[in-house]
Amino acid sequence: MACNQDFVQYIADQCASAGDITVKKMFGDYGIYCNSKIIGLICDDQFFLKPTETVIPLLRIVDMRPPYPGAKNYYYISDVDDHDYMSMLVRKTYEALLSGK
């Protein structure tokens, strides 16, 4: 099932305070980027962040699942309506991926 474009834009808007947020279509779903670095996926109108150790204590709920069949587990973020929370998670994921943590 493909993503609804309105949902994709909503997720991008919710993460906007984290940096330069862009989305790119990938195989019917979307990759989401912060400052040109992929930090997660939007699949079937669900938001997934790449797993990083530094983000675990910041998650309200730790729910790991594959974003699509055959994929590795990502953090599934169900609370997408809190702009500050979403931006903080994306910013911290970006920083962790840059530092290799």
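Visitor: Is Cys 15 buried or exposed?

Guide: In this predicted model, Cys 15 is buried, with a relative accessible area of 0%.

Visitor: How many disulfides does the structure hold?

Guide: A disulfide needs two cysteine sulfur atoms within 2.5 Å. The structure holds 0 disulfides. For Cys 15, the nearest cysteine sulfur belongs to Cys 34 and is 8.4 Å away. Cys 34 is likewise in no disulfide, its nearest cysteine sulfur being that of Cys 15. Cys 34 is buried, its relative accessible area being 0%.

Visitor: Where do nonpolar side chains tend to be in soluble globular proteins?

Guide: They tend to be buried together. Here the largest nonpolar core contains 26 residues. Ile 11, Ile 42, Phe 47, Ile 77 and Val 90 have the most contacts inside that core.

Visitor: Which residues is Phe 47 in contact with, leaving aside its neighbours within four places in sequence?

Guide: With those neighbours set aside, Phe 47 is in contact with Ile 11, Cys 15, Ile 32, Leu 41, Ile 42, Tyr 75, Tyr 76, Ile 77, Val 80, Met 86 and Val 90. Cys 15, the buried residue of the opening question, is thus one of the contacts of Phe 47.

Definitions and conventions:
Residues numbered from 1 in each chain as written. Predicted model: local features only at pLDDT ≥ 70, side-chain atom pairs only at ≥ 80, totals over all residues. Heavy atoms only, no water. Core = buried A, V, L, I, M, F, W, Y, C linked by side-chain atoms within 4.5 Å. Buried < 20%, exposed > 50% of the residue type's maximum accessible area, 1.4 Å probe, protein only. Contact = heavy atoms within 4.5 Å.
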